[in-house]
Amino acid sequence: MIHKIIATFGSQSVLAQYLDREPQRRLLLLKPAEATEAFQLLDLSDQPAFFNNPLRYDTRYHTGIDDLTGFFNFSYLTFATTEAAKVFLAQFDQLCKQAENFIGLNDLFLLRLDAAKIEYVIFSVWQRDADYFNWRNSTDFKQIKPYMGAGHYVQQFHQANYVLAQR
């Protein structure tokens, strides 16, 4: 099981250098689906961070087949209060009970940012982008849909999609 995920962002050329420098680590270089986003490098090795400005996440939940290939979605949710986060966590718990039925889902994580602010990341890996978008439009997704945007439930929201980068 992956206990921590450490992330950093930057250009493909700079991040690819880490792959050569740290071959003993389990690193994933992700290419953004949209040109406006930066490349992302994930360290899944559960070792101390070696990036200059890392984002550290604790894994709160993980289910799946540990097949980190295909289409990657990151939904970043920042909550103003711990009470708002608790309500979300209860809804996410209900969603997870059905995760094995989500067509095309390889892995589903709930990550908590290791920082003072209350930020969670729903990190999901799908066989195809269509599987993710079909899930987003399904009744299974309905219970967490209110959290997929800034507003009453969530103080800040951001979403980014990726695929594995070619070296």
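Visitor: What share of the contacts join residues at least 24 apart?
Guide: Among contacts between residues at least 6 apart in sequence, 73% join residues at least 24 apart. Contact means heavy atoms within 4.5 Å.

Visitor: What should I know about the model itself?
Guide: This is a predicted model, where local features need pLDDT of at least 70, side-chain atom pairs count only at pLDDT 80 or more, and totals for chains, interfaces and linings use all residues. Residues are numbered from 1 along each chain as its sequence is written, and side-chain values use heavy atoms, with hydrogens and water left out.

Visitor: How many helices and strands are there?
Guide: The chain has 3 helices and 8 strands. Both are DSSP runs numbered from the N terminus: helices are H or I of at least four residues, strands are E of at least two. In sequence order the pattern is β-α-β-β-β-β-α-β-β-α-β.

Visitor: Which strands does β4 pair with?
Guide: Strand β1 (residues 4-10) is one of them, running antiparallel to β4 and joined to it by 4 bridges. β4 also pairs with β6, again in the antiparallel sense, over 7 bridges. To count as a pair, two strands need at least two DSSP bridges between them.

Visitor: Is T59 buried or exposed?
Guide: T59, in strand β4 (residues 55-64), counts as buried because its relative accessibility is 12%. Buried means under 20% relative accessible area, exposed over 50%, and partly exposed in between, with a 1.4 Å probe and protein chains only.

Visitor: What is T59 in contact with?
Guide: Leaving aside neighbours within four places in sequence, T59 is in contact with M1, I2, H3, K4, I5, F109, L110 and L111. A polar atom of the T59 side chain lies 2.9 Å from the backbone oxygen of I2.

Visitor: Switching topic: which residues touch the most others in the largest nonpolar core?
Guide: F79, F88 and I122, out of 24 residues in that core. A nonpolar core is a set of buried Ala, Val, Leu, Ile, Met, Phe, Trp, Tyr and Cys residues joined through side-chain atoms within 4.5 Å.

Visitor: And which element gives the most to this core?
Guide: α2 does, with 5 residues. Apart from this core lies another, of 20 residues, among them L68, F72, F109 and F123.

Key
A polar contact is a pair of N or O atoms within 3.5 Å; within protein, one must be able to donate a hydrogen and the other to accept it, and residues adjacent in sequence count only if both atoms are side-chain atoms.
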